Amino acid sequence: MPKLIPPARVLVTGADGTLGRPTVEALADRGVAVTGLSRTWSAPTRADRVVTGDAADEDLVREALADVDAVVHLAATAHPSLDTPRAVFVGNTSATFTVLAAAGEAGVRRAVIASSINAFGVPMNRHDVKPAYYPLDEASPEAHDDAYSLSKWVDERIGAYAASRWDMTVVALRFPLVRELDVLRKTVPQMLAAPGEAARLAREGWAYLEMTDAVDAILRGLTEPVAGMHTLLVTAADTIMAEPTEDLLDRYADGVERRRTFAGRQAPVDTSAARRVLGWAPTISINAPTISIDAPTISIDDSQTLEASA
Ligand SMILES: NC(=O)c1ccc[n+]([C@@H]2O[C@H](COP(=O)([O-])OP(=O)(O)OC[C@H]3O[C@@H](n4cnc5c(N)ncnc54)[C@H](O)[C@@H]3O)[C@@H](O)[C@H]2O)c1
């Protein structure tokens, strides 16, 4: 077993984003030094080193990796509508390759990358495709039809390549909609009011994740003593919908195989791999303050460790 040490400095790419800012805060709160990389900055950051530019710029990324022993790669164009398909796909995958390859060459042996529940392509597919089965899991068959989902799927392949080539631990987290609880409670009803949205969201299991649980998964990805590549779905235990999940599946996914039954508003998403690999479980629900507190809040200082690269 390699010697285990806590991370001293973490490079966070996309450090000014929705997920990036709370990730930087959580690391700084735990006494971990942070190098933040972003194209632009909307507000002051808690990162004690700041690198401004593109995550696909190899020289810039090499500079940003000084003294870094773990990477959280969040920088991406986070929706297919935000740029041309080519710019989304090439920009996202080029940034992921650049960051992981430069990290591997610099001796970094731990990376967490942001994937998406869209990585299997079905949720954003313009055609009438449905998941092959419920609950969704990491082996759900792919059907890619948009550049963003495809970029996330390729990002996962790049992660596996880096894990093999540099003996790196790479954790790709398949996030659903991630926001703070107050934002979720405000925006989800507006979102569901859009025609056809409840039907479309069936393809991602009406999943969401509160920000604290998302950051907890990132911290665990940095510190749990696991080796190799892991692609993990991380979603809340329940759905954003008011109706029971079985009724929703009857209405919106009739004919799709159900490999188990779902109690109440239970999300039809299997997060057991994240529990097994990271000891992670969701704790916060949009419907109630907490639903299943069986994973303690992480504290890197006290108990969590990082595999030494030696
Ligand atoms: N927040 C969510 O609901 C959600 C859901 C699924 C997946 N994700 C993934 O999580 C990651 C973070 O998402 P977010 O919601 O924080 O997105 P965001 O758009 O809020 O933040 C991304 C940040 O990265 C920056 N950025 C983009 N491309 C860059 C590049 N090439 N170089 C440097 N900076 C770059 C952007 O300027 C932005 O500040 C993304 O990879 C996204 O695909 C997010």
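Helix α1 is followed by Gly31, whose phi is positive, near 80 degrees; helices (H or I, at least four residues) and strands (E, at least two) are DSSP runs, numbered from the N terminus. This is a predicted model, in which local features need pLDDT of at least 70 and side-chain atom pairs count only at pLDDT 80 or more, while totals for chains, interfaces and linings use all residues. Residues are numbered from 1 along each chain as its sequence is written.

**Helix α1**
- Within α1 (residues 20–29), the buried residues are Gly20, Arg21, Thr23, Val24, Ala26 and Leu27, where buried requires 20 or more other C-beta atoms, placed from the backbone, within 10 Å of the residue's own.
- These buried residues pack against β2 (9–13), β3 (33–38), β5 (70–73) and α7 (211–223), contact being C-beta atoms, placed from the backbone, that lie within 7 Å.

**Helices α3 and α4**
- The axes of α3 and α4 (residues 147–165), which are lines fitted to C-alpha atoms over the stretch in contact, come within 9 Å and cross at roughly 15 degrees.
- That angle makes α3 roughly parallel to α4, a term that covers angles under 35 degrees.
- The contact involves, among others, Phe89, Phe97 and Leu100 of α3 and Tyr148, Val154 and Ile158 of α4.

**Ligand surroundings**
- Of the 25 residues around the ligand, Gly14, Gly17, Ala55, Ala76 and Ala114 come nearest, a residue being near if its C-beta atom, placed from the backbone, lies within 6 Å.
- At least two residues of this shell come from each of α3 (85–105), β6 (110–116) and β9 (177–179).

Methods
A residue is buried if 20 or more other C-beta atoms lie within 10 Å of its own, exposed if 12 or fewer, and partly exposed in between; C-beta atoms are placed from the backbone. Two residues are in contact if their C-beta atoms, placed from the backbone, lie within 7 Å. Axes are lines fitted to C-alpha atoms, for helices over the stretch in contact, and angles run from 0 to 180 degrees between N-to-C directions. Angles under 35 degrees count as roughly parallel, over 145 as roughly antiparallel, 65 to 115 as roughly perpendicular and the rest as oblique.
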